[in-house]
Amino acid sequence: MISGFAEAVYKNYNGSVYDLMDEALGKALEMAGLERKDLDGFMTTFLPGVFDGNIYMHFFPDQICGYLGITPKYIDSLDYGGPSVLSALWRAERLIKDGVAENILLLFGGKGSDVRKRKQTVDSFEKLYPEITNTPYRHLINLYNSMNPVSDYALVAERHKKIYGSTDTQRAELIVKQRKNANRSGYAMFTGELSLEDVLNSPVISSPLHLLEIVYPVDGFHAFIVSNKPGKLRGIRIQNYGEAHQSFLPPEIDDITLTPAAESTKNFRREIAKCDFYELYDSFSITVMLQLENTGIVPKGQSGKFIEKNSISVDGDLPLNTGGGSINRGQPAYMSGSVLLYEALLQMNEMADGNQVKSPGKVFINGIGGWYRNHSVSLILGD
């Protein structure tokens, strides 16, 4: 059960990354009624450059624990990218159940602006360090000056248009509706009126994806404390869980519109349909559409038409990305999983103020990592 959770998220944070971590952790400890000495487990993740603009390769989680002044008896670092925090939550619940630890800190985030300001993405950060590569296959796949991850998602968006007839307007419709949720959330970073024309007239970054369909990397951390008692919070647990992984490049995949989410949810599709709201990974507009189809929420190829016809607000047909998603909150450390989990916990504990899902019983959360095709972590939270 989660006894405390908090975020510290800024578009550009002028202080140190250590101050940013401290802010998130301090607020989470206060909510949980715990002190640092009570933390006996620690989990995190790391992508090159996202912590503070540098690359660390030597006992990174251990060094973070040293700074935080905690002495956990269990330390772990997951490498699934965006959904790592969701997988960490599942592992933490089991470790506590087995008596390995009592209070495990999940701390995820970093200063993504340091990568952004150097005009690189998390995929191209290796260009700043010629001796280091992100992949042993670099000489085979980096023949051109690619714009990954944008070009990777653009490829699957174009394929979805070709096979299923989805349109740029349908993807823009999703962005406009998520912005409406953001305007009601009270804590989204990007707010204000947004029209279909605004989205469709924003610059095309990699065809067919427009600027306003792409998540913005920001500075921030989320802290979640998993404990054997919920403290002042609702005692919610993971009810259903699945994760799936595939390691192939697009030319090796028969159908690139089929993500690992189809596998990670196959054992509890009926339960997904019973959930009260949905938080789906939204690094790009097409990411949400693929998950709607791959998790069985809508039939294959029908996500565009579904978005056109249905409301995704907290009181709508299918409450989806109720806080506006990371498209409107920003993406700390180039990973959105924590943004989804934070909003889900606000809603489940009825702390979402004027943007509250009515009496939520269960929430379905799905995270995608390694572009749209490598990792998927799916779970349902409930009592």
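How many bridges join strand β4 to β7, and do the two run parallel or antiparallel? The views below, all from a predicted model, start with that pairing.

**View 1. Strand β7 and its partners β4, β1 and β10.** Strand β4 (residues 103-111) is joined to β7 by nine bridges, and the two run antiparallel. To find your place along this pair, look for F108, which stands opposite H222 in β7. Strand β1 (residues 2-10) also runs antiparallel to β7, with eight bridges between them; here Y10 stands opposite D219. Strand β10 (residues 331-332) runs parallel to β7 and is joined to it by two bridges, with P332 opposite V218.

**View 2. The two sides of strand β7.** P217, D219, F221, A223, I225 and S227 point one way from the strand. V218, G220, H222, F224 and V226 point the other way, and they are buried too.

**View 3. Helix α1 packed with helix α2.** Helix α1 (residues 17-32) meets helix α2 (residues 60-68) at an angle of about 70 degrees, and their axes lie 11 Å apart. The angle makes α1 roughly perpendicular to α2. On the α1 side, Y18, D19, M21, D22 and L25 make the contact, while α2 brings I64, Y67 and L68. Sorted by class, this contact has six nonpolar and two charged residues, but no polar ones.

**View 4. Helix α7 and the glycine after it.** Follow α7 through residues 168-185: its 18 residues reach 26 Å from first C-alpha to last, close to the 26 Å expected. The helix is mostly covered, with 13 of the 18 residues buried. Next comes G186, with a positive phi near 85 degrees.

Methods. Residues are numbered from 1 along each chain as its sequence is written. This is a predicted model: local features need pLDDT of at least 70, side-chain atom pairs count only at pLDDT 80 or more; totals for chains, interfaces and linings use all residues. Side-chain values use heavy atoms; hydrogens and water are left out. Helices (H or I, at least four residues) and strands (E, at least two) are DSSP runs, numbered from the N terminus. The expected span of a helix is 1.5 Å times one less than its number of residues. Buried means under 20% relative accessible area, exposed over 50%, partly exposed in between (1.4 Å probe, protein chains only). Axes are lines fitted to C-alpha atoms, for helices over the stretch in contact, and angles run from 0 to 180 degrees between N-to-C directions. Angles under 35 degrees count as roughly parallel, over 145 as roughly antiparallel, 65 to 115 as roughly perpendicular and the rest as oblique. Contact means heavy atoms within 4.5 Å. Ala, Val, Leu, Ile, Met, Phe, Trp, Tyr, Cys and Pro count as nonpolar, Asp, Glu, Lys and Arg as charged, and the others, Gly among them, as polar. Two strands pair if DSSP finds at least two bridges between them.
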